[in-house]
Amino acid sequence: MTHWSDCQRKKGLSLSFVPTMGFLHQGHLSLIKEGLGHADKLVVSIFVNPTQFGPGEDFDTYPRDLERDFNLLRTIGVDAVFTPDQSDFYPQGFDTFINQEKLPQHLCGMSRTGHFKGMMTIVAKLFNVVNPDVAVFGEKDFQQLAIIRRMVKDLNFNIRIIGHPIVREADGLAMSSRNSRLTPDQRKTALCLISALEKAQNSLQNKEYRAAVLIREAEAFICSHPDTGIDYIKICDPDTLNDMTEIDRPALMAMAVNFGAIRLIDNMLLNPNK
Ligand code: AMP
């Protein structure tokens, strides 16, 4: 991979990079199209990274289909697909991880201990191997994007990070590889995520600025659906991810909810001036 990247650079070509865990959907493809506009060549990586899954999480059941992914990528002009082997990437004796102090303590970091440490480590490794000029990440994983922006600044990676808006199904469900594991009933129920976010934005427009009230409304709404388990619903500052009590400026509403064994996340920027 590094040799291929070096060859492109020697030709004076710039590289953009989209890291993924595969089982690609239109959300990934939208990131790739964005990336194609920012550099001469585009690399996609597909790697289900074991170090960002905790014990009891869905590493084993995470959907995988490389053939299907390759076929999709062939249609949209990707220049290289990097699929590292787990034992090559984490050889015997691997013992170095990247950490960050503040941002990982919020939202998904509260229940997924070690997730962001694993995520940062793999992204840093991929950055070192692929050596891109630009990398594109989705705002669907808002906290991940914030952490990577911080990491790139703090550790002097010479890579421009681009955030891409959430891509949704026609009915509003945020696209996710994990959606493929939902039963038809869970798929219908999962629409409560986007509905809860839209309800909060409506309440805000009706001048309800208290975060606690909006969160309570969202919790009650989601709990009224069968087979749902809330991990968290938060309203926070989009830069620090610290909780906000009064929505007197744009605020991030973010949530993680379990539908049976499938954990989905979603978020929306709530704007009091809308
Ligand atoms: P994943 O394969 O889930 O690790 O995601 C790879 C990249 O795609 C990450 O930067 C995600 O934030 C992004 N992504 C996944 N789903 C979506 C979506 N529905 N809209 C926008 N970006 C997404």
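## Rings, charges and a ligand in a predicted model

Arg112 counts as buried, because its relative accessibility is 10%. Buried here means under 20% relative accessible area, exposed means over 50%, and partly exposed lies in between, with a 1.4 Å probe and protein chains only. The model is predicted, and local features need pLDDT of at least 70, side-chain atom pairs count only at pLDDT 80 or more, and totals for chains, interfaces and linings use all residues. Residues are numbered from 1 along each chain as its sequence is written, and side-chain values use heavy atoms, with hydrogens and water left out.

### Arg112 and other charged side chains

Arg112 is placed in the loop between α5 (108-111) and α6. Helices (H or I, at least four residues) and strands (E, at least two) are DSSP runs, numbered from the N terminus. The side chain of Arg112 reaches the backbone oxygen of Gln52 at 3.4 Å. This is a polar contact, meaning a pair of N or O atoms within 3.5 Å; within protein, one must be able to donate a hydrogen and the other to accept it, and residues adjacent in sequence count only if both atoms are side-chain atoms.

The charged end of Arg112 also sits over the ring of Phe53, 6.0 Å from its centre. For a charge to sit over a ring, NZ of Lys or CZ of Arg must be within 6 Å of the ring centre and within 35 degrees of the ring normal. Lys125 has its charged end over the ring of Phe89, 4.5 Å from the centre of that ring.

Another arginine, Arg263, is found in strand β8 (residues 262-270). Arg263 counts as buried because its relative accessibility is 18%. Its side chain makes a polar contact with the side chain of Asp231, at 3.0 Å.

### Aromatic pairs

A pair of aromatic rings is described by the distance of the centres and the angle of the planes. Rings of Phe, Tyr and Trp (its six-membered ring) pair if their centres lie within 6.5 Å; planes under 30 degrees apart count as stacked, over 60 as edge-to-face and the rest as tilted. By this rule the count comes to 10 aromatic pairs. The rings of Phe17 and Phe127 have centres 6.3 Å apart and planes at 70°, so this pair is edge-to-face. The pair links distant parts of the chain, with Phe17 in strand β1 (residues 15-20) and Phe127 in helix α6 (residues 115-130), 110 residues apart. The C-alpha atoms of Phe127 and Phe17 are separated by 8.6 Å. Both Phe17 and Phe127 are buried.

Phe127 forms an edge-to-face pair with Phe157 as well, at 5.6 Å centre to centre and 70° between the planes. Phe127 lies in helix α6 and Phe157 in the loop between α7 (142-154) and β5 (160-164), so the pair ties together parts that are 30 residues apart in sequence. Phe127 has a relative accessible area of 2% and is buried. Phe157, at 17% relative accessibility, counts as buried.

Elsewhere, ring pairs link Phe47, Phe82, Phe89, Tyr90, Phe94 and Phe97 into a cluster.

### Around the ligand

The ligand is surrounded by 16 residues, of which the closest are His28, Gly138, Asp141, Val167 and Met175. A residue is near a molecule or strand if one of its heavy atoms lies within 4 Å of it.

| Residue | Atom of the residue | Atom of the ligand | Distance |
|---|---|---|---|
| His28 | polar side-chain atom | oxygen | 2.9 Å |
| Gly138 | backbone N or O atom | oxygen | 2.9 Å |
| Met175 | backbone N or O atom | nitrogen | 2.8 Å |

The protein covers 93% of the 480 Å² of accessible area that the ligand has on its own. Accessible areas come from the Shrake-Rupley method with a 1.4 Å probe; for residues, only the protein chains shown count as cover. The elements that give two or more residues to the shell around the ligand are β1, α2 (26-36) and β4 (134-138).

### Two residues with positive phi

Asn156 is not a glycine, yet has a positive phi of about 60°. Asn156 lies in the loop between α7 and β5, and at 66% relative accessibility Asn156 counts as exposed. Leu241, also not a glycine, has a positive phi of about 65°. Leu241 lies in the loop between β6 (228-236) and β7 (251-259), and at 1% relative accessibility Leu241 counts as buried.
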